[in-house]
Amino acid sequence: MLKIGDRQLSQKDIFVGIVLILVAIGAVWAMIGAKPKPVVMRAVNVPGGLVLQEGGQPGVGYGQFNYPRGIAVDSDGNIYVADSRNHRIQKISGNDGKFLNQFGGLFDAAKLANGDSKKLISQGVGKLNEPNGVSFGGPDGLVYVVDTWNNRIQEFTTSGKSKKVFTSDDGFFAPRELVVDPAGDVYVADTGHHRIVKFDPSGKQIRSWGAIKVDSKTHASSYVTGTKLGEFNEPIGLALDKDGNLYVADRLNFRIQVLSSDGQVLRSWPVKGWSKDQIDMEPHLALDQVHGLIYATDGRGKKIYCYHLDGSEVSTIEKDSTGNPLFSVPLGVSVDGNGNLYVVDAGAARIFKIKGQF
């Protein structure tokens, strides 16, 4: 028995008191430790305006970005952003615009692997080094991320749990973008090697496309730049249509090429605004299946081009409702089920939701 003042406390009283104290401590700790989820995307209420929502700012906190590049929207409208120089993926609610989750974190696997592909896919799993492209696909609806400077592809669940890591048989060189077809086959723009590489759902390389050079002495082959149809010079953006045809932003050939699933060139058209400059020039693509439109970003020119799938131009997005430039460096682009665009502005560390051009 414990006596406090004139009152005798039983063991039961003491136990109940301890429990209440622990609950109170837990509640206080939760209030102190819990960080409110910031609202990242907010509606823009301008009658007849082009921009529907926007948000984001420079920084390292939740809902802040450092040169974001890729963007994708899942079937629930949630937004995934490759926050490149913060080395992470951020997930934002499509319903209320709030920050939901993040995953990744810096790890230089390529340096530790020293060119060994087996080490590359086993070192620092789940960590990233300047991620670029992000996409969804396959029967399981996983999140696919181009882990650019780790020269590999990573698969995650929508909650950020790592599922798989893979790379090409001979290694990537700074891949930038990917797309996944409904069956789970993955197409990767291996930018530094000037080629497109296709993988099956298990991550096994199926084939690749691009210009090949054969050494006359060793007979070894390597991928090089090329200007013919079916050849590439720093391909970046990729998109797939409902027939499984692949659209490629062939950057330094200043064109979009369209290939069948087995690599046959179907058509191409020039993109007059693309620049040979390296800085801020990483064109991404997004395809609106319902309306038969494809969007291509021009970071250097601060605009987005909209085309029909035959290459005929529909419009150019570059100014807001007041006639001022809308973007600083637009890179990543995605389209939701309603045909609206989601655009990453790397230069301003912002995200825009924009009306589709149909």
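The chain averages a pLDDT of 91, and 90% of its residues score at least 70, where pLDDT is the predictor's confidence in each residue, on a scale from 0 to 100. The model is a predicted one, so local features need a pLDDT of at least 70 and side-chain atom pairs count only at pLDDT 80 or more, while totals for chains, interfaces and linings use all residues. Residues are numbered from 1 along each chain as its sequence is written, and side-chain values use heavy atoms, with hydrogens and water left out.

Turning to the overall architecture, the chain holds 3 helices and 31 strands. Both kinds of element are DSSP runs numbered from the N terminus, with helices being H or I over at least four residues and strands being E over at least two. The C-alpha trace spans about 100 × 60 × 35 Å along its principal axes. Of the 358 residues, 51% count as buried, and the classes are set by relative accessible area: buried is under 20%, exposed is over 50%, and partly exposed is in between (1.4 Å probe, protein chains only). Among contacts between residues at least 6 apart in sequence, 44% join residues at least 24 apart.

The accessible surface of the chain comes to about 16,800 Å², and carbon and sulfur atoms account for 52% of that area. These areas come from the Shrake-Rupley method with a 1.4 Å probe; for residues, only the protein chains shown count as cover. As for charge, the mean positions of the 40 positive and 38 negative charges are 5 Å apart. Lys and Arg count as positive and Asp and Glu as negative, with His and the chain ends not counted; each charge is placed at NZ of Lys, CZ of Arg, CG of Asp or CD of Glu.

Asp250 lies in strand 22 (residues 246–250) and is buried, because its relative accessible area is 0%. Its side chain makes a polar contact with the side chain of Arg255 at 2.7 Å. A polar contact is a pair of N or O atoms within 3.5 Å; within protein, one atom must be able to donate a hydrogen and the other to accept it, and residues adjacent in sequence count only if both atoms are side-chain atoms. Beyond residues up to four places away in sequence, Asp250 touches Glu231, Phe232, Asn233, Pro235, Arg255, Gln257 and Trp274.

Asp277, by contrast, sits in the loop between strand 24 (265–270) and strand 25 (285–288) and counts as partly exposed, since its relative accessibility is 34%. The side chain of Asp277 makes a polar contact with that of Ser275 at 2.8 Å, and outside four places in sequence Asp277 is in contact with Arg251 and Arg300. Asp280 lies in the loop between strand 24 and strand 25 as well, and its phi is near 65°, a positive value in a residue other than glycine.

Glu234 is found in the loop between strand 20 (221–224) and strand 21 (235–240), and counts as buried because its relative accessibility is 18%.

Finally, Gln53 lies in strand 4 (residues 51–55) and is buried, with a relative accessible area of 16%. Leaving aside neighbours within four places in sequence, Gln53 is in contact with Met41, Arg42, Ala43, Val44, Ile351, Phe352 and Lys353.

Note on methods: Contact = heavy atoms within 4.5 Å.
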